[in-house]
Amino acid sequence: MEKAVEGAIGKSVEESDYYRTFIGPGDKYDQFAAMQFNLLTHLGLREGNTLLDVGCGSLRAGRLFIPYLLPEMYHGLEPVEWLINEGVKCQIGEDMVRIKKPVFSHDENFTLTVFQKKFDYIIAQSVFSHATKEQIRRCLHEARQVMTPTTIFAATFAEGAEDYAGDKWALWATYAMETIKELADEAGLVCRPLDWPHPDLQRWVLFVTQDFEGTIPDLSGGENLMLVKKESEFCKERLAKIENHPYVVIGFKISRLMRLVGFGINNAMRWFRCDK
Ligand SMILES: C[S@@+](CC[C@H](N)C(=O)[O-])C[C@H]1O[C@@H](n2cnc3c(N)ncnc32)[C@H](O)[C@@H]1O
């Protein structure tokens, strides 16, 4: 329990929830999971793809990815072994491990090559927001070794004007977008900022190889749809207000009266012509 309180990001927590609060705000554990699962599936992740979850923690996202992917497709890199053990115990259970055979490594130096395979998707959520520049450099360099021309590597970082200059894993480490782009370039990768929400206001970026041959779907569609819906509701409200305005109501009455008068004149003319 003592160990638990020392490292917790959350303030006062139940011992049973510690595996959740150790890696972020306990009340957003589910949102952080949904955000990652939705993003990767929007980016094309399917059950037959290989996925590497860098700094997978207590399987916050893994608890969705592991049941979804086919056996041996999920890979988690996490130096803090007890986090994964708690994730298995409290979130997915041993049966899921037996059926889906996730592969884990507790390497502490971002050795992504430890799994000895290439990945279709890589994710590092809330990892660079704590990492030193050297760790990010190492992670991107290693990532390049396990990426193909169609791999998509999605990551978040805390954007800030100043780069974190420390040499230790930190509670919060900010970097300028330019710095992240430079580090990607050094590793032979291209960094593309991504418009995808984050409960902690971190920035999403995608890393792809310089000879990227895949496709990145336009993720702005959903938002556009929401905007169009809001716009149309706004227009309907305005129209209702205009239609109920007293001047407009009078205008409608006059126009109806004119139509009636016009109808009367037309009929009278017709009758007059026939009569002749
Ligand atoms: C804020 S948590 C994010 C966990 C997970 N990505 C998620 O979104 O649920 C950061 C994680 O990075 C892990 N971490 C720390 N050093 C690491 C390293 N050298 N390589 C990989 N992960 C590391 C931490 O133990 C922790 O689980």
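Let me begin with helix 7, residues 177-186, in this predicted model. Its buried residues are Ile-180, Leu-183 and Ala-184. Viewed down the helix axis, these buried residues fall within an arc of 100°, so they line one face of helix 7. On the other side of helix 7, Glu-178 and Glu-186 are exposed.

What do the buried residues of helix 7 pack against? Their partners are helix 6, residues 133-145, together with strand 5, strand 6 at 174-175, strand 7 at 189-194 and strand 8 at 203-209. After the helix comes Gly-188, and its phi is positive, near 85°.

Of its 276 residues, 32% count as buried. If we take the contacts between residues at least 6 apart in sequence, 65% of them join residues at least 24 apart.

The largest nonpolar core comprises 62 residues. Those with the most contacts inside this core are Leu-51, Val-54, Ile-122, Leu-140, Ala-143, Phe-153 and Phe-207. Which strand gives the most to this core? It is strand 5, residues 147-159, with 6 residues.

Strand 1 pairs with strand 2, residues 74-77, in the parallel sense, over 4 bridges. Within strand 2, Tyr-74 is the bridge partner of Leu-51.

Next, the surroundings of the ligand. There are 21 residues around the ligand, and those that come nearest are Gly-55, Gly-57, Arg-60, Gln-125 and Ser-126. By class, this shell has 12 nonpolar, 6 polar and 3 charged residues.

Is Ser-126 buried or exposed? With 21 C-beta neighbours inside 10 Å, Ser-126 counts as buried, because the threshold is 20 or more. Its phi is near 55°, a positive value in a residue other than glycine.

Glu-72 is found in the loop between helix 4, residues 62-68, and strand 2. With 12 C-beta neighbours inside 10 Å, Glu-72 counts as exposed, since that class covers 12 or fewer.

I conclude with Leu-219, in the loop between strand 8 and helix 8, residues 221-244. This leucine is partly exposed, with 15 other C-beta atoms within 10 Å. Not counting residues up to four places away in sequence, Leu-219 touches His-42, Asp-195 and Trp-196. How far apart in space are Leu-219 and Asp-195? Their C-alpha atoms are 7.5 Å apart, while in sequence the two are 24 residues apart.

Methods: Residues numbered from 1 in each chain as written. Predicted model: local features only at pLDDT ≥ 70, side-chain atom pairs only at ≥ 80, totals over all residues. Near = placed C-beta within 6 Å. Nonpolar A, V, L, I, M, F, W, Y, C, P; charged D, E, K, R; others polar. Core = buried A, V, L, I, M, F, W, Y, C linked by C-beta atoms within 7 Å. Helix = DSSP H or I, 4+ residues; strand = E, 2+ residues; numbered from the N terminus. Arc of directions from axis to C-beta. Contact = placed C-beta atoms within 7 Å. Pairing = 2+ DSSP bridges.
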